[in-house]
Amino acid sequence: MIKLHQVQKSFLQNNRRKLVLENISFELPAGSFTTLFGPNGCGKSTLVNIISGLDRPDSGEILGLDAIRGKTAYVFQDYRRSLLPWATAKENILFPLKLRGVAKEEQQKLFQEALELAKINLDWNQRVLSLSGGQAQAVAILRALIIKPKFLILDEPFAALDFERTLFLREMISEVCHKLNLTVLFICHDLEEAVILGDQVLFLSRVPTVVLQRLEVNYPSPRANNFSTTNEFLQLKVKALRYFEECCQYSQVSGQK
Amino acid sequence: MFSNLTLRLFGILILPLVWLVTADLLQLASPLLLPKLLDVVVRFFQLITEGTLWKDFYSTFLRWVAGYSLGIVAGVLCGLIIGLSTKVRIATEFLVEFFRAMPVTAIFPLFLLVFGIADSSKIAMAFTPTFLLMLVNTSYGVTLSDPGRRRMAQVFGASKFQIFRYVVVFDALPQIFVGLRMALAQSLIVTVVSEMFIGTDYGLGQRVYDSYLTSSIPTLYALLIVLGILGYASNKMIIALETKYVFWTGK
């Protein structure tokens, strides 16, 4: 379990301290899928940087990071930039292993395992430039899975994809995360996606960011796309929409201060 | 209407055709300014078969390639250091700009004093613009390296050196090739110019200057064609390497 306790973070902007994260506290239970949802310009990326250890909070603490050290994997929104265009699909997937100095045979073994897990078929020796958006993001997902992570951060992985690819990858991610019992932090821009995938959805306000609401989604995983057609889902979505509107209103009020 | 191939052929043939008509057929030009195309072509093949051309070509080529290669190695190394460190960049900015603005050919007499009249001063001439161009383009390429890509490597646990080795160097490669192409042409120019000065036994520059002094105008033109082919072919070669090794640029 990863636990954030009263995390604060501010940045210097035009010689003035600007508070970005204000007393953020929440839990990511082990093996659960947490969605972070909020309006544009909430401190999501700052929060992710802090959780992933790229940045340090000014105050507050994050518990449980030791257990996931070296076991944290990422999928980024912009697959074109996060993949290495000079390398093949396979070389991209193996890149984290190469950084860790894993032996070639072991790399092969892990590669095969990842492929079986994700059930995708591609010509893995082609260059990533010739891949479609969905295929490229699938490569990015496999690259994340190859290190056998315990903690997976998905930073708007579907934002640049068309609907068909999104549907496919959404199911695949839900299935894989469930199978590997991954703790997942999912940054998301789409209310439907937030509810479909998340075991809990945290609603964030604009900067200075606080966690305003928490929606629990008690529906068994892995989630198939047809979850979004159930009555249960619709009720949750109505609730989620209301929470989101609260977030926006809160931000407006606090913005006027 | 015309295919691209036709247009290209036209572009290649138009100059010799105009030349042929004005100099050979209509004899409008003074042979001292524009000799007959046929004479030049005959001279061209004579130069090749007589054998002296090869020695000149070889000498020029060696000086050029030596200066160019040394310039690449030194320029890329310095460019990487400058590109990686903002402090070094700020500290060296003036020096680099100063020498880049200075016409290299003006430094040649100084090189003659320092390196003597043999090959080394000419190699130093080819080295100088190559070094500066590679330095500037490499350091620029490093600063262009994609922050998103570096961050990706970082979150997957890459050390600073690994980020450099596996990401930054590749990100800089397209700009390095821009430098390679610019430096190729520049270093050939200064090599040939430096060969026109004293102390050169063999070299295309020397041969060009000789043929001017002795008014062997067909030889002069034939040599220009040789130099043109050399420049053109080497540029094409760099472009081929670029297409092969930095295929991802602009995509």
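How many residues does the contact take from chain B, and how many from chain A? The contact (heavy atoms within 4.5 Å) takes 19 residues from chain B and 23 residues from chain A.

A quick note before we go on: this is a predicted model, where local features need pLDDT of at least 70, side-chain atom pairs count only at pLDDT 80 or more, and totals for chains, interfaces and linings use all residues. Residues are numbered from 1 along each chain as its sequence is written, chains are lettered from A and ligands numbered from 1 in the order in which they are written, and side-chain values use heavy atoms, with hydrogens and water left out.

Back to the interface. Together the two chains bury about 2,000 Å², 70% of it on carbon and sulfur atoms; buried area is the accessible area (1.4 Å probe) that two parts lose on being put together, summed over both. There's one salt bridge across it, meaning a side-chain nitrogen of Lys or Arg within 4 Å of a carboxyl oxygen of Asp or Glu. The partners are Asp146(B) and Arg81(A), at 2.9 Å, N to O.

Most residues other than glycine have a negative phi, and most peptide bonds are trans. Two residues in chain A have a positive phi:

| Residue | Phi | Relative accessible area |
|---|---|---|
| Gln6(A) | near 45 degrees | 42%, partly exposed |
| Asn181(A) | near 55 degrees | 53%, exposed |

Here exposed means over 50% relative accessible area, buried under 20%, and partly exposed in between (1.4 Å probe, protein chains only). Then there's the peptide bond from Ser221(A) to Pro222(A), which is cis, with omega near -5 degrees.
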